[in-house]
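Take a slow look at the chain from every side.

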Amino acid sequence: MAKEEVKVFRTWSSPFPLRVIWALKLKGIEHEYCYEDLSNKSPLLLEYNPIHKKVPVLVHNGRPIVESIVILEYIDETWKENPILPEDPYDRAMARFMAKFSDEKCLPAVWLVFTTQGKEQEEAIAPALECLKTLEGWLVGKKYFNGETLGFADIVLAWIANVLGVCEEVMALKMVTEERFPLLCAWIENLSNAPVINTTWPPRDKLLVKYHALREARVGSVGPK
């Protein structure tokens, strides 16, 4: 049987290709990386993703699949071992809803806090905390959003365990605390201790530099680095 071609187009820092990489690792699928500089996109990236022109792109035997959540579903349907979506139809629907909530509600709410200051930021904090409170409720009685093992929703929400912490440090503003969200804090620790996750985090010092620059570009000087 010929070896399958599995490539992931990614950048060094984006959390979205990491979703694809974690799913492949959980399933034991060999793959290679194609690193992109989004300020100078490769002809291959533009060929494989002509609509969005961004990462991630999964190339499986020459055929490209784009958008991280779509790719996750493709991976789960293509390689059946170690499923990341639950077997029960209701649980599968909930996992998909959590993923949708992550990217359509929670991430934009947190990003608004990060890219504002003063009164505008103060007004943005409450909706962001409300999103995090929803996540806290989904973790009652569970180790992961998926249950006792890492799954689809955990992979999609994993930016909270990494990018959110970097943003908090850059802003000098802590939103996720043990007092507010004990279950979410425990989930972050469990997720961060999972080898498939913690061996692939981008270097934190480089992320801090990047996110300092991102915040300064949007709100001006934020103090010494």
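**A pocket and its surroundings**

The largest pocket holds about 790 Å³ of space. A pocket here is an open set of points on a 1 Å grid over the protein atoms alone, where a 1.4 Å probe fits, with protein on both sides within 12 Å along at least five of seven lines. The volume is the space filled by probe spheres set on those points. This is a predicted model: local features need pLDDT of at least 70, side-chain atom pairs count only at pLDDT 80 or more, and totals for chains, interfaces and linings use all residues. Residues are numbered from 1 along each chain as its sequence is written, and side-chain values use heavy atoms, without hydrogens and water.

The largest pocket is lined by 32 residues (each with an atom within 4 Å of a point), and Ser14, Pro15, Phe16, Lys54 and Val55 lie nearest its centre. Two or more lining residues come from each of α1 (15–26), α3 (68–78), α4 (89–114), α7 (159–171) and α10 (204–219).

Step back to the whole chain. The protein chain has ten helices and four strands. These are DSSP runs: helices are H or I with at least four residues, strands are E with at least two, numbered from the N terminus. The order along the sequence is β-α-β-α-β-β-α-α-α-α-α-α-α-α.

The C-alpha trace spans about 60 × 45 × 30 Å along its principal axes. Of the 225 residues, 48% count as buried, meaning under 20% relative accessible area with a 1.4 Å probe, protein chains only.

Terms used:
Buried means under 20% relative accessible area, exposed over 50%, partly exposed in between (1.4 Å probe, protein chains only).
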